[in-house]
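Subject: Structure handover and findings

Hello,

Here is the structure I promised to pass on. Please open it next to this email and follow along.

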Amino acid sequence: MKALAPGTVIFHRYRGYGVITAVNLMTGWVSARFGSEGRTLDLNLSCDQVQYADGEPIHFRAAPPDRMPHGRLMAMVQQLHQAGYQRLYLYSWPKPSGLHWRWHLFTGKRDWYRRSWREGWYGSGADYNLNPVMGWGDGPADTVAELCSALARFDPHGLAQALGRDEDHSRWFADVCAALLPNYGYSLGIDGHRASMPASLPIIPLRANLPPYAGPELPWPPGWSALWSRTRPFLATSEPVRFDL
């Protein structure tokens, strides 16, 4: 499916050509403005006979789009690892509501708990499913290579800090991408009430209507077990209080 985002030109059987002004990738509802009309029209992509401007139908229910950015981010990080930026890490964890997953890219030292924060290197699925961009000058239909280029233009100094070797992590990340993409992602968020570390990496679906993950169990990132103690698990959902994602 092509990108669905504010600014996408669509065709409606009775209204003609219009432009999407708001979109929700979770529900399939969009607002669109047609012609010179002052008000927007709310439409459901599953049943309101909406097409792309070139006539291609929008099969929202049969082929739902990714409603979170984690798959695109995983593919981007893997490509940057292959280019020598192995000290780039992707942390992802659920919001307390459980409805969305947050993401955070960081560079330099592999320290998941005291990871470095840079403006624009983090986000949430709650924002993405309303406007499917990462926020560093990228477009909703950008390829993996275009995402890498956009990030390099947005913060070249930050990306430069990812140059270097971390072979253990990059090997683990490549294996995880091979097992999960394009339909699944991973979460590093753990229920803080657990008495022990789960045996395998939690897996999350990236779109609706996907069956539960049935592939091989995947290990945690290298060194992750060191974040746990015998008496109290590391709360992977914790975050620095100065950011509200």
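Which residues form a nonpolar patch on the surface? Val9, Tyr17 and Val19 do, and together they have about 270 Å² of accessible area. Patches are built from residues with over 30% relative accessible area and no salt bridge; like charges are joined within 9 Å, and nonpolar side chains (Val, Leu, Ile, Met, Phe, Trp, Tyr) within 5 Å. Accessible areas come from the Shrake-Rupley method with a 1.4 Å probe, and for residues only the protein chains shown count as cover.

Two notes on the source. This is a predicted model, where local features need pLDDT of at least 70 and side-chain atom pairs count only at pLDDT 80 or more, while totals for chains, interfaces and linings use all residues. Residues are numbered from 1 along each chain as its sequence is written, and side-chain values use heavy atoms, with hydrogens and water left out.

**The whole chain**

The chain has five helices and 10 strands. Helices (H or I, at least four residues) and strands (E, at least two) are DSSP runs, numbered from the N terminus. Of the 245 residues in the chain, 45% are buried. Buried means under 20% relative accessible area, exposed means over 50%, and partly exposed lies in between (1.4 Å probe, protein chains only). The chain exposes about 12,400 Å². Carbon and sulfur atoms supply 52% of that area. Now take contacts between residues at least 6 apart in sequence: 58% of them join residues at least 24 apart. A contact means heavy atoms within 4.5 Å.

**Strands and a helix**

Back to Val9. This residue lies in strand β1 (residues 9–12). Val9 counts as partly exposed because its relative accessibility is 38%.

Helix α1 covers residues 70–82. Its 13 residues should span 18 Å at 1.5 Å a residue, and the end C-alpha atoms are 18 Å apart, so the two agree. The expected span is 1.5 Å times one less than the number of residues. Which residues of α1 are buried? Among them are His70, Leu73, Met76 and Leu80. After α1 comes Gly84, with a positive phi near 105 degrees.

Strand β6 (residues 88–94) is largely enclosed by the rest of the structure, because six of its seven residues are buried. How many bridges join β6 to strand β7 (residues 101–107)? Seven do, and the two strands run antiparallel. Strands pair if DSSP finds at least two bridges between them.

**Backbone details**

The peptide bond from Leu181 to Pro182 is cis, with omega near 5 degrees. Pro182 lies in the loop between α5 (167–180) and β9 (184–186).

Gln49 is not a glycine, yet its phi is positive, near 55 degrees. Find Gln49 in the loop between β4 (41–44) and β5 (50–52). Gln49 is partly exposed, at a relative accessible area of 41%. Asn209, also a residue other than glycine, has a positive phi near 65 degrees. Asn209 sits in the segment after β10 (203–205). With 63% relative accessibility, Asn209 counts as exposed.

**Salt bridges**

Side chains of opposite charge can pair when their charged atoms come close. A salt bridge here is a side-chain nitrogen of Lys or Arg within 4 Å of a carboxyl oxygen of Asp or Glu. By this rule there are eight salt bridges.

Glu56 pairs with Lys2, and their closest N and O atoms are 3.3 Å apart. This pair links distant parts of the chain, 54 residues apart: Glu56 is in the loop between β5 and α1, and Lys2 is in the segment before β1.

Arg110 and Asp166 meet at 2.8 Å, N to O. They too link distant parts of the chain, 56 residues apart. Arg110 is partly exposed at 27% relative accessibility, whereas Asp166 is buried at 11%.

Where do Asp168 and Arg171 lie? Both are in helix α5, three residues apart, about one turn of the helix. Salt bridges that share partners also join Lys2, Asp54 and Glu56 into one network. As for Asp168 and Arg171, the closest N and O atoms of their salt bridge are 3.5 Å apart.

Best wishes
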